[in-house]
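Have the structure open and follow along.

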Amino acid sequence: MARNMSYMIIFISVFGLCLSSKSTLINLTTAVFNDYDPSIRPYCQGHEQVNVTMDLAVRQLIDMNEPDQIIKLNLWIRLRWIDCLLTWTPSDYDNITDLIVPFDKVWTPDITIYDSVSEELYGLEKFRANVSYDGAINYNFPTVIEIQCQVDVTNFPFDRQMCPLQFGSWIYTGNLLDMNIENDHADLSALKENVEWEISKVPAEKHIKKYSLSSDPFVDLTYNLYLKRKPRYYEANIILPSIIITLLATLGFLLPVDSGEKVSLEVTVMLSLTVFQLLVADRLPPSDEARPLLGEFFTFTLILCGLSTFVQVAVINIYYRGDRKMSGWMNKLILKPLAKITLTKATLLNQKAHDDDNTTNDDSVDDLDNATKWQTLSICIDRVGLILFIVILTIGCIVIFTHFT
Amino acid sequence: MARNMSYMIIFISVFGLCLSSKSTLINLTTAVFNDYDPSIRPYCQGHEQVNVTMDLAVRQLIDMNEPDQIIKLNLWIRLRWIDCLLTWTPSDYDNITDLIVPFDKVWTPDITIYDSVSEELYGLEKFRANVSYDGAINYNFPTVIEIQCQVDVTNFPFDRQMCPLQFGSWIYTGNLLDMNIENDHADLSALKENVEWEISKVPAEKHIKKYSLSSDPFVDLTYNLYLKRKPRYYEANIILPSIIITLLATLGFLLPVDSGEKVSLEVTVMLSLTVFQLLVADRLPPSDEARPLLGEFFTFTLILCGLSTFVQVAVINIYYRGDRKMSGWMNKLILKPLAKITLTKATLLNQKAHDDDNTTNDDSVDDLDNATKWQTLSICIDRVGLILFIVILTIGCIVIFTHFT
Amino acid sequence: MARNMSYMIIFISVFGLCLSSKSTLINLTTAVFNDYDPSIRPYCQGHEQVNVTMDLAVRQLIDMNEPDQIIKLNLWIRLRWIDCLLTWTPSDYDNITDLIVPFDKVWTPDITIYDSVSEELYGLEKFRANVSYDGAINYNFPTVIEIQCQVDVTNFPFDRQMCPLQFGSWIYTGNLLDMNIENDHADLSALKENVEWEISKVPAEKHIKKYSLSSDPFVDLTYNLYLKRKPRYYEANIILPSIIITLLATLGFLLPVDSGEKVSLEVTVMLSLTVFQLLVADRLPPSDEARPLLGEFFTFTLILCGLSTFVQVAVINIYYRGDRKMSGWMNKLILKPLAKITLTKATLLNQKAHDDDNTTNDDSVDDLDNATKWQTLSICIDRVGLILFIVILTIGCIVIFTHFT
Amino acid sequence: MARNMSYMIIFISVFGLCLSSKSTLINLTTAVFNDYDPSIRPYCQGHEQVNVTMDLAVRQLIDMNEPDQIIKLNLWIRLRWIDCLLTWTPSDYDNITDLIVPFDKVWTPDITIYDSVSEELYGLEKFRANVSYDGAINYNFPTVIEIQCQVDVTNFPFDRQMCPLQFGSWIYTGNLLDMNIENDHADLSALKENVEWEISKVPAEKHIKKYSLSSDPFVDLTYNLYLKRKPRYYEANIILPSIIITLLATLGFLLPVDSGEKVSLEVTVMLSLTVFQLLVADRLPPSDEARPLLGEFFTFTLILCGLSTFVQVAVINIYYRGDRKMSGWMNKLILKPLAKITLTKATLLNQKAHDDDNTTNDDSVDDLDNATKWQTLSICIDRVGLILFIVILTIGCIVIFTHFT
Amino acid sequence: MARNMSYMIIFISVFGLCLSSKSTLINLTTAVFNDYDPSIRPYCQGHEQVNVTMDLAVRQLIDMNEPDQIIKLNLWIRLRWIDCLLTWTPSDYDNITDLIVPFDKVWTPDITIYDSVSEELYGLEKFRANVSYDGAINYNFPTVIEIQCQVDVTNFPFDRQMCPLQFGSWIYTGNLLDMNIENDHADLSALKENVEWEISKVPAEKHIKKYSLSSDPFVDLTYNLYLKRKPRYYEANIILPSIIITLLATLGFLLPVDSGEKVSLEVTVMLSLTVFQLLVADRLPPSDEARPLLGEFFTFTLILCGLSTFVQVAVINIYYRGDRKMSGWMNKLILKPLAKITLTKATLLNQKAHDDDNTTNDDSVDDLDNATKWQTLSICIDRVGLILFIVILTIGCIVIFTHFT
């Protein structure tokens with residue numbers, strides 16, 4: 001029997017890495033992990049279900065890529081569970097109550113983040129776990145996640161977003177592995193501020209779902225990341241320039257035809273608006289449901305400028321009509337009322353008066369020669385266009401911007 | 001003999017990780033995987049062929065890169081097969097019916113996705129498998145695939161695409177490993193909607209092919225992903241602006257020569273169209289067979305604008321011809337009929353009438369001085385150009401857009 | 001001795017993974033790989049040299065990046081060799097003739113692709129090999145390679161390219177490892193067509209080279225990938241627009257000076273050509289030897305337009321010279337002949353005739369006032385410029401485009 | 001007993017890799033690492049706490065990506081600690097005092113860099129450690145880190161930045177693992193200069209923090225990287241061109257209305273400024289708190305140019321008013337004082353004098369015809385605009401640039 | 001004893017992988033590597049220092065990224081050293097003199113490339129080593145390196161660069177591991193030419209440095225890669241167009257004011273130059289010390305064009321001054337001398353003579369009306385401007401381009 005024992009000792013000493021007196025830590029580790037298989041879920045009498053408690057600290061929002069709708073975050077994840085197989089009596093081992101071991105020495109829950117577009121929870125398998133003598137395991141690790149998050153850009157650049165971060169065990173059902181939230185909200189105390197986005201709150205929720213595949217419930221924890229964009233950058237670089245450019249379009253109506261720059265001003269403004277529209281479009285996802293109101297604004301001003309260019313070409317055309325005869329009805333029904341409305345009559349009368357003081361005011365337009373009539377008409381149309389342009393622009397802006405919430 | 005046994009026990013206890021009474025799960029795992037080699041295909045009497053059933057859930061379309069023709073998808077793949085070597089009697093082991101083990105502990109089929117441009121089925125080797133007592137293995141895993149998918153952009157942005165996702169065992173012939181579809185269609189219940197593409201349906205097919213290499217059949221499962229683009233983004237950002245710009249080209253004909261902006265308007269429009277064409281071309285693959293109709297439209301309008309620029313330069317040239325004599329035949333055969341057609345005669349007559357009321361209408365054009373004749377001719381050509389431009393543009397648009405299906 | 005045997009059995013059973021009766025496949029695997037070291041080249045009496053036969057199937061050309069001269073291909077590589085150490089008698093093992101084992105269980109040749117810019121033959125170590133009872137090993141795997149390929153863009157976009165794919169063992173000399181081609185040409189039967197490039201043929205060659213390092217021969221197999229670009233995309237998006245824009249430059253000569261748009265038209269055309277040149281340059285490698293003829297064409301038209309702008313500025317300058325006296329010799333030696341050549345004389349005579357019918361035709365130019373003389377001169381220069389421009393452009397185009405092969 | 005010994009020897013010889021006489025180094029390694037577990041923290045009597053001393057050498061700043069606020073550095077990290085379990089007597093082993101072993105043979109502290117956006121301390125596990133006979137371990141390794149660093153771009157391109165590099169053990173509390181700084185400052189002796197940034201100093205600090213999670217202190221070492229941008233590139237490529245373009249805007253006021261280029265000059269300048277603003281904005285993070293003063297400058301000039309365009313359209317409008325009567329009050333209250341202020345009166349008088357020498361200077365303006373009055377007014381407004389533009393521009397520039405620190 | 005031996009044999013046979021008679025290669029491998037630890041430096045009596053000889057073959061320059069100053073190379077590295085522990089007598093083993101084994105079976109020097117921006121010597125651990133019976137180990141491998149290389153762009157695009165590739169052992173001091181160069185120069189016989197860069201020579205140097213850390217010497221081998229840019233691409237696409245555009249600026253002085261295109265030509269040229277400057281700036285690093293002379297040229301021409309625009313606005317202003325009186329001193333001191341210098345006088349005299357033949361030449365300018373005087377002045381200034389512009393441009397170009405070395 002002694003011999004058998006001696007063999008046993010030899011073997012144990014060889015395989016168990018020598019229970020020498022050198023280090024209590026090594027003895028403890030050897031004893032605790034002696035017949036432990038990290039690939040098997042801890043399962044003991046009275047501990048049929050593993051209970052994982054999770055806490056999340058948001059360290060920083062690294063990047064929000066709107067066109068691809070991908071958000072990149074630096075998170076600190078804290079997991080805690082009881083492994084009933086890893087216990088010891090501290091008094092037997094120099095009162096050591098905690099053991100720090102590499103990740104792959106203990107069983108770990110297969111926590112996954114849903115909708116990741118790159119690796120699954122990078123870092124989950126790189127750190128070390130803290131094992132307590134009562135079997136409590138703390139496993140904290142920093143990770144960088146990239147997930148898709150539907151971006152609603154309707155109110156861009158005054159938008160708020162909500163990205164759900166959904167964590168769950170991939171293979172274990174709720175019966176085998178239950179998850180719980182440590183705190184109602186993710187820990188934002190270590191948050192480093194992002195320059196573009198403000199993280200307003202990150203409430204956590206626990207969901208228990210049943211998929212069609214199996215009758216067992218699946219548990220997931222969802223942290224809803226509420227974001228609010230800081231708009232100052234876009235106000236200064238996109239909104240302000242585009243408003244200034246749109247206002248330039250009104251100048252087209254004020255430019256006299258003689259200046260020879262009416263059309264080129266209008267066309268330049270239109271092209272600038274198109275470029276701005278493309279610039280904004282490039283920064284945003286090609287979404288169907290949620291077009292940014294800013295985009296609607298650009299489309300609206302683009303059409304408006306197109307129409308005003310058309311009007312100004314007509315104005316120029318009329319201006320250069322020379323002394324072809326203006327038909328009577330046009331004179332009566334269009335030129336006269338228009339002149340009245342746009343106060344052009346008064347100005348012309350002044351001029352008239354200057355030339356010839358004894359004419360009556362009422363018939364003044366009739367007495368003009370044809371060329372002057374056409375030019376007066378063109379000025380009238382310009383003024384009507386200007387007024388209409390400003391009115392429609394104002395109404396349009398009000399309609400569009402009252403949709404901002 | 002007893003001694004030998006004792007040796008044996010020692011060895012087994014050392015290598016088999018102590019069949020202690022601590023955990024039934026560990027006992028079970030040890031027993032089941034005792035002489036199991038995960039690199040060898042399960043092969044038992046009556047189970048010569050492994051039968052893999054596959055189901056696919058599409059989680060989300062992450063990205064569709066048209067120029068490179070690469071589609072990126074987040075899929076959930078569910079595999080099921082019988083491993084006849086991994087069975088046990090639940091009653092012997094506390095009625096445990098399922099065992100969850102890391103991927104590399106069991107044999108797995110070498111399912112590959114064809115035409116991947118990056119890693120082969122990322123994630124295939126990262127998750128855990130569920131082993132039932134009767135040998136049924138469920139292996140579900142999420143994966144992100146990137147495959148090439150031929151994009152037919154003829155109808156862009158109103159196009160529909162079809163991308164086949166072809167799965168198959170790389171090395172095993174159909175005799176050794178058979179694959180079957182779980183459901184006729186991929187599971188779209190967990191689908192998160194994409195902003196640009198609508199996934200209309202994903203029917204599955206099973207193919208059995210014989211390659212020239214071997215007489216054995218090869219099985220593959222193909223899921224055809226049918227996609228439909230949501231066009232609103234492109235309508236607002238490309239089609240609408242380009243239509244507005246094309247319409248601006250017609251204004252060139254309406255501008256009087258005196259305005260001095262005819263040519264610069266036309267050239268600006270042409271350059272804008274070129275820029276738009278390049279923008280659209282950048283977003284689409286340099287395909288030979290399938291040119292987008294939108295591209296044909298841009299090419300068509302580009303040529304049309306080029307021609308109209310040519311016409312307008314001619315108009316300006318004629319307008320400024322001064323009082324060189326117009327040859328009689330030109331007056332008779334070109335100016336007169338053109339003036340009639342374009343109603344320019346009437347206007348000129350009106351003007352004429354104003355100057356000199358007693359001339360007859362018929363010969364009016366002949367009596368004009370040369371400068372006026374040339375100017376009249378230029379106006380006529382402008383009008384003819386305008387009409388032709390509108391007619392050709394309309395016909396062209398109809399011809400092109402009736403090809404949209 | 002019996003005891004020794006019993007020990008042996010114990011050991012073998014422990015290390016050899018139990019030769020149980022459960023699965024013939026496992027028994028076979030155990031027996032075959034019992035004393036096999038996958039890191040050692042198979043070496044038996046009469047098999048001193050390993051003979052690797054290679055076949056290549058091109059699945060698809062994923063991407064051709066011209067500026068960086070990198071080509072990305074999806075290939076299927078099929079290797080076959082005899083491993084004299086892996087043989088068995090099928091009748092001993094249920095007539096199993098083939099064994100499928102993971103890559104790392106057998107020795108594999110270290111086939112490398114030369115000039116890879118990323119990983120060496122990605123996928124070479126991820127698949128499973130098929131071992132036959134006679135030692136024949138088939139190892140097929142799909143791979144994505146990225147290699148540098150010198151692109152000759154002289155004829156862009158009508159160019160043809162040839163990329164050699166060179167495969168060889170890195171360490172083994174031809175004495176130890178010989179390579180052979182299975183077929184004269186790579187297998188194109190599974191090819192998926194690329195939208196931009198047509199793969200015309202892929203002939204294979206075997207090379208035996210001696211490097212300076214050693215007297216031993218090194219074997220490599222080279223597959224020459226012959227590609228032909230499908231030009232339609234570039235025809236529509238680059239060549240057509242640039243031809244239209246170049247033609248616009250001729251319009252500058254036709255525009256009368258009075259229009260006030262001569263110079264701005266010319267400058268706009270020049271800038272557009274510059275932009276097009278940069279666009280084309282961005283798509284092509286900054287090559288020294290092989291400049292694209294298209295680039296030469298752009299450079300040529302750029303210089304031509306620069307010269308014509310210069311001419312037109314001169315024309316405008318002369319036109320506005322007012323009534324400074326034109327020196328007699330200029331009148332005689334330049335104005336008169338030019339007017340004759342460009343038929344300007346005739347037109348002027350017509351005009352003259354209109355004013356004053358009794359002058360003689362010959363001296364007409366002399367009788368004009370100075371301002372008219374200068375203007376006539378400017379018109380003459382414009383016409384000469386136009387003719388020269390068209391002539392040089394035509395000659396240039398012919399010279400450049402006849403270099404296309 | 002001898003037999004037992006013989007067994008032991010056999011076992012040891014088998015597992016301990018034969019203590020042959022071939023190499024003292026191998027004997028030493030075997031002896032030292034015989035019962036060492038690299039996953040367990042070194043723990044001996046009197047060495048309860050591991051003391052890690054760290055030194056940092058900055059090799060080069062690879063890249064500073066301002067828009068994403070990510071800095072990429074090449075660092076050399078030098079760690080030193082005592083492993084009480086790895087000691088030997090040099091005299092027993094040929095006086096070998098140092099042993100160089102791969103990283104994974106010894107326990108290493110889990111030093112992490114906080115806020116990394118990619119891998120955790122790439123290279124930490126790739127190099128070899130130097131073990132001294134007294135247990136001192138030196139572990140030096142080069143690494144490339146990418147961390148987020150808040151960039152304050154207020155003074156761009158004359159800005160200074162500070163990026164903290166925070167190193168710490170992830171799992172071990174300060175009680176188990178203490179960290180200390182080797183030197184007050186990071187070693188800059190091996191620094192390779194960056195072309196854009198100057199590293200002025202890198203002082204180190206030791207922090208001891210208590211997180212809410214536990215009562216134990218956590219130690220981190222923070223190296224503050226102080227950077228100073230070298231501005232010459234931006235001065236030449238952004239600031240100089242934008243100043244030149246802004247100055248062009250003043251030319252608009254100097255251009256006479258007759259030139260017909262007033263508005264197009266102004267609009268071109270505005271568009272150029274917008275393009276420059278977008279270019280600068282693209283290079284900088286979309287920050288809310290810290291807008292670059294350069295951006296403020298662009299916004300300011302943009303608004304100023306917008307206003308000046310408005311003024312010039314008004315000037316043109318007034319210029320072309322023709323001979324409509326100017327009301328008396330306008331003449332008196334606006335034209336006259338303006339003319340006086342802008343010295344326009346004098347010039348006009350000169351002109352007047354030229355025509356008619358006997359008029360008195362005071363009433364000169366009243367005697368002009370209406371058209372001339374309007375034109376005089378437009379010139380006056382132009383001059384006032386020019387003066388105001390220069391004054392406001394100067395004040396604005398002073399206000400903005402005095403904020404540079 | 002026999003029994004002990006029998007045990008031993010059993011053990012050895014089990015662990016040593018059966019010294020069967022099947023393959024001499026396997027026997028040899030087993031014997032040679034029996035008690036070899038690849039993690040320990042080869043150390044024998046008389047071989048205290050390992051001597052590594054290195055040779056480098058440059059296969060191709062894959063990419064030179066100037067803005068980030070990163071160079072990517074495909075290298076073939078050839079290492080040779082003696083491992084005194086790996087020797088055998090060929091005659092004992094079928095005269096096998098060489099053994100090819102995977103990399104991780106033998107000890108290898110930890111050769112590192114300094115200043116790598118990505119992985120450390122990718123490929124160093126992927127290939128197979130050749131072991132000779134006398135212990136000589138040849139380890140050749142292809143690798144792709146990416147290192148930072150300071151680019152001096154002063155002479156761009158006629159620049160030459162020098163990139164040092166520094167190789168060294170990371171941990172071993174010169175006492176333990178010595179490195180030597182095989183050849184004075186890197187092997188360029190297998191070089192594939194790069195389209196943009198010519199590799200002129202790659203001399204090698206051996207350095208022995210002492211760092212502050214330790215008194216031991218550290219050895220490194222440095223290969224200096226001398227590069228010469230092939231400039232034709234940049235000549236055609238950047239230098240030629242920018243010269244043509246700069247020359248266009250001179251045309252502004254030649255354009256008469258009446259053409260109405262003077263300012264717009266000048267502004268267009270300036271914007272084009274700005275765009276070109278930005279294009280060139282984007283391709284080059286934002287370096288402080290070494291600004292490209294091409295950049296200086298653009299800055300110079302930009303300022304020159306800005307000044308000339310100013311001059312031309314002044315010219316236009318003077319031209320349209322109308323008939324305001326020109327003060328006598330201006331006439332005498334400015335107009336007259338300028339007219340003389342620029343030969344304007346003569347032309348004006350001619351004109352004068354035409355009107356009125358009896359005036360004397362001397363006082364001609366005085367007799368002109370004011371409007372003509374102003375216009376004459378504007379023409380004079382234009383001419384002076386043209387001459388100054390050409391002179392300054394010529395001097396500037398000479399000064400700048402003589403700095404090219």
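How much area is buried between domain 1 of chain A and domain 2 of chain A, and what share do carbon and sulfur atoms give? About 1,200 Å², with 71% from carbon and sulfur atoms; buried area here is the accessible area (1.4 Å probe) that two parts lose on being put together, summed over both. On the side of domain 1 of chain A that touches domain 2 of chain A, the classes are 5 nonpolar, 3 polar and 4 charged residues. In that scheme Ala, Val, Leu, Ile, Met, Phe, Trp, Tyr, Cys and Pro are nonpolar, Asp, Glu, Lys and Arg are charged, and the others, Gly among them, are polar.

Before going on, a word on the ground rules: this is a predicted model, where local features need pLDDT of at least 70 and side-chain atom pairs count only at pLDDT 80 or more, while totals for chains, interfaces and linings use all residues. Residues are numbered from 1 along each chain as its sequence is written, chains are lettered from A and ligands numbered from 1 in the order in which they are written, and side-chain values use heavy atoms, with hydrogens and water left out.

Back to chain A. Domain 1 covers 38–230 and domain 2 covers 233–401, with bounds that come from an automatic or database domain assignment. Their centres, taken over C-alpha atoms, are 60 Å apart. Contact (heavy atoms within 4.5 Å) links 12 residues of domain 1 with 14 residues of domain 2.

Now look across to chain D. Chain A puts 76 residues into this contact and chain D puts in 69. About 6,800 Å² is buried between chain A and chain D, 61% of it from carbon and sulfur atoms. The interface holds 4 salt bridges, and one to find on screen joins the side chains of R232(A) and E296(D), at 3.3 Å from N to O. On chain A's side, helix α3 (residues 232–254) gives the most, with 12 residues; helices are DSSP runs (H or I, at least four residues), numbered from the N terminus. By class, chain A's side divides into 39 nonpolar, 18 polar and 19 charged residues.

Last stop: E196(E). Is E196(E) buried or exposed? E196(E) is buried, at a relative accessible area of 9%, where buried means under 20%, exposed over 50% and partly exposed in between (1.4 Å probe, protein chains only). Beyond its neighbours within four places in sequence, E196(E) has contacts that include P286(C), E66(E) and Y234(E).

Key
Helices (H or I, at least four residues) and strands (E, at least two) are DSSP runs, numbered from the N terminus.
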